[in-house]
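I'll jot things down as I look them up, and keep it short.

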Amino acid sequence: LNEISYKQLIEYGFDEKSAASFIGFRNKLGGFVNKNQILETYNIDKILAQRLVYAAPLKTENVQKYSLMDAPESWLKNHPYFKYYADKIIYYRISFTNEKKFFSSMKVKPEYEAKMRLYLK
């Protein structure tokens, strides 16, 4: 699922808009870590996506992960799960040395924290 091409998505049955959304979201994330993320993709045929999720393997070893302390600012500001918290994370890593305090200090909703943790070491 992290290696499937636009052409392969079209051949699988996705229309051009769905295939482009799939590839675009995957690129913004830096790769899917969880198959359910595919179903979060906007403008995608959910039924077809669900069939693809069950049929194709998900290899995650090439997905880049960081700690909050060493994540590049550009990565934080562009990643869909971190971009709204990027400035706070940058501020907190100057203020705190303990990464465990970040989420409670930032008051991140549990569902957003769970998504962020997918991309953390």
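**Entry 1: a loop residue to start with**

I began at Asn 43, which sits in the loop between helix 3 (36–39) and helix 4. One caution before going on: I'm looking at a predicted model.

I found Lys 107 in the loop between helix 7 and helix 8. Lys 107 is exposed, with a relative accessible area of 71%.

**Entry 2: stepping back to the whole chain**

How many helices and strands are there in the protein chain? I get eight helices and zero strands. Reading along the sequence, I wrote the pattern down as α-α-α-α-α-α-α-α.

For the overall extent, I noted that the C-alpha atoms fill a box of roughly 50 × 25 × 20 Å along the principal axes. The chain has 121 residues, and buried ones make up 40% of them. I also checked the contacts with a separation of 6 or more: 55% of them are between residues 24 or more positions apart.

One pair I looked up for distance was Lys 100 and Pro 57. They are 43 residues apart along the chain, and their C-alpha atoms are separated by 32 Å. Lys 100 belongs to helix 7 and is exposed, at 73% relative accessible area.

**Entry 3: the nonpolar core**

Which residues have the most contacts inside the largest nonpolar core? I found Phe 22 and Phe 82, in a core of 38 residues. Helix 2, helix 4 (46–55), helix 5, helix 6 and helix 7 each supply at least two residues of this core. The largest share, five residues, comes from helix 2.

I followed Phe 22 a bit further. Leaving aside neighbours within four places in sequence, Phe 22 is in contact with Leu 1, Ile 4, Leu 9, Phe 32, Ile 38, Thr 41, Ile 44 and Leu 52.

Helix 6 runs over residues 86–95, and I listed its buried residues as Ala 86, Ile 89, Ile 90, Tyr 92 and Arg 93. Looking down the axis of helix 6, I see these buried residues fall within an arc of 165 degrees, so they line one face of the helix. What do the buried residues of helix 6 pack against? I noted helix 5 (73–78) and helix 7 (100–106). On the face turned away from the buried side, helix 6 carries the exposed residues Asp 87, Tyr 91 and Ile 94.

**Entry 4: the largest pocket**

I put the volume of the largest pocket at about 450 Å³. The lining has 16 residues, and the ones nearest the centre are Phe 25, Tyr 42, Pro 80, Tyr 81 and Lys 83. Sorting the lining by kind, I get seven nonpolar, five polar and four charged residues.

Helix 2 (16–29) and helix 8 (110–117) each supply at least two residues of that lining. Helix 2 gives the largest share, four residues. So far helix 2 has come up for the largest share of the core and for the largest share of the pocket lining.

**Entry 5: two buried loop residues**

Is His 79 buried or exposed? I find it buried, with a relative accessible area of 1%. His 79 is in the loop between helix 5 and helix 6. Setting aside neighbours within four places in sequence, I see His 79 in contact with Lys 28, Leu 29 and Tyr 119.

Ser 67 has a relative accessible area of 15%, so I logged it as buried, the cut-off being under 20%. Not counting residues up to four places away in sequence, Ser 67 touches Glu 99, Leu 120 and Lys 121.

Conventions
Residues are numbered from 1 along each chain as its sequence is written. This is a predicted model: local features need pLDDT of at least 70, side-chain atom pairs count only at pLDDT 80 or more; totals for chains, interfaces and linings use all residues. Side-chain values use heavy atoms; hydrogens and water are left out. Buried means under 20% relative accessible area, exposed over 50%, partly exposed in between (1.4 Å probe, protein chains only). The arc is that of the directions from the helix axis to the C-beta atoms. Contact means heavy atoms within 4.5 Å. On a 1 Å grid over the protein atoms alone, a cavity is a set of points where a 1.4 Å probe fits but cannot get out, and a pocket is an open set with protein on both sides within 12 Å along at least five of seven lines; lining residues have an atom within 4 Å of a point. Grid points are joined across faces, edges and corners, and a volume is the space filled by probe spheres set on the points. Ala, Val, Leu, Ile, Met, Phe, Trp, Tyr, Cys and Pro count as nonpolar, Asp, Glu, Lys and Arg as charged, and the others, Gly among them, as polar. A nonpolar core is a set of buried Ala, Val, Leu, Ile, Met, Phe, Trp, Tyr and Cys residues joined through side-chain atoms within 4.5 Å.
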